Amino acid sequence: MKKSKNSLLAIIAVIFLGITWFFIAEEPPILKLPNDWEGIIIESPPTPAPTFTFTQHNGKAFSEKDFLNKWSLIFFGYTNCPDVCPNAMRVFAQMAQDPKLPATEFIFATVDPKRDNTSRIAEFVNFFGKDFIGLTGDKKEIDKFARPFGVIYDYEGDVNSPDYIVTHFAAIYVIDPKARLRAYILPPHNKIRVQEAYELIRNYYE
Amino acid sequence: MSSFATITNKRLTGFFFSLLLSANSWAQTQPELVDAWITAAPPGSRNLAGYFIFENKTTNNFKIIKVKSPAFEKVEMHQVSFPNGMMRMTEIEELALPAGQTVAFETGTRHLMLIGPKHALPIGSKVKVDFSLNNGEIINAQLDVRR
């Protein structure tokens, strides 16, 4: 009886040490950013992307596996958004044109699937970058994806009119090549600030 | 004959009166729009944003009470804020333009929300936008569509 209790304790200790080792080995100390850099939040340890299936603007499926083996920047918004979303896309476009930027996937995901079908999303992303990916899908799938990342959103006004407003979390998310949320960059966004933060985060955690 | 003269007279009076008014508005300068533009948007966009800087170099306080454009169904002034990283837009009913000050409409702060374009607005085209002031005058502005 006592012996089995001891071996149980030993097993627990081994598991505990294993977990601790895993995090110490895998996760470096959190990246310290300069004090005057506000609104850049590092996830340490990183948050794995949940299981989900979206539809890309070209009609193909997109799941969390599509984040693997590359760094991605993703913005959640809606195509009817006049200011903040097109601005984030302009920042993406300016970054994509910068030859110094290491290979990066740029993604726009809608939180307004009622209006943003695949053809609308395609018009929107193609306007900003020919290689950009636009994502839409079932509201349930969007929530599966958006919730763990803290993407809060809400519809304001008459949702049966064409002009309702979507209030939404407007950060740019940095996803690492293991499909994990590594950091997010709060608005307001401009090319210099976003790119400097992204490259710093990427160089540190790569 | 005499009635005709009266009408002419009235018309003339009206003409001179309006001349006087316009001369008066020339002297009393209005706030001005500087670097006014509209962001070129993807085809099919229902909402576009306009940006500019209001310069009120006069010694009077003004308010913008209404904005309209023949190219859009509706035009609103919006304030953008980011409470806890959320993007929130609220309509500005009246925009104060204090004497001697500038008010910027730029991304992440304020924008003109141009709703329901009546025709395509290609890059390089110009859009007429009228800003009504609280004193009854109108600022006629031209906004350039650009990327």
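Close-up 1. Cys85(A) is buried, at 0% relative accessible area (buried is under 20%, exposed over 50% and partly exposed in between, with a 1.4 Å probe and protein chains only). Over all chains, the count is one disulfide.

This is a predicted model, where local features need pLDDT of at least 70, side-chain atom pairs need 80 or more, and totals for chains, interfaces and linings use all residues. Residues are numbered from 1 along each chain as its sequence is written, chains are lettered from A and ligands numbered from 1 in the order written, and side-chain values use heavy atoms, leaving out hydrogens and water.

**Close-up 2. Where chain B meets chain A.** Here 27 residues of chain B touch 25 residues of chain A (contact is heavy atoms within 4.5 Å). Together the chains bury about 2300 Å², with 59% coming from carbon and sulfur atoms (that is accessible area, 1.4 Å probe, lost on being put together and summed over both parts). On the chain B side, Pro42(B), Met86(B) and Met87(B) lose the most area, together 25% of what that side buries.

**Close-up 3. The salt bridge of Glu156(A) and Arg88(B).** These two side chains meet at 3.4 Å, N to O. The interface has two salt bridges by the rule (a side-chain nitrogen of Lys or Arg within 4 Å of a carboxyl oxygen of Asp or Glu). The side of chain B that touches chain A splits into 14 nonpolar, 10 polar and three charged residues (Ala, Val, Leu, Ile, Met, Phe, Trp, Tyr, Cys and Pro are nonpolar; Asp, Glu, Lys and Arg are charged; the others, Gly among them, are polar).

**Close-up 4. Two cis peptide bonds in chain A.** The bond from Ser44(A) to Pro45(A) is cis, with omega near 0°. So is the one from Pro187(A) to Pro188(A), again with omega near 0°. Most peptide bonds are trans.

**Close-up 5. Positive phi at Ala179(A) and Asn84(B).** Neither residue is a glycine: phi is near 60° for Ala179(A) and near 55° for Asn84(B). Ala179(A) is buried at 8% relative accessible area, whereas Asn84(B) is exposed at 74%.

How values were computed: Disulfide = S-S within 2.5 Å. Buried area = accessible area lost by both parts, 1.4 Å probe.
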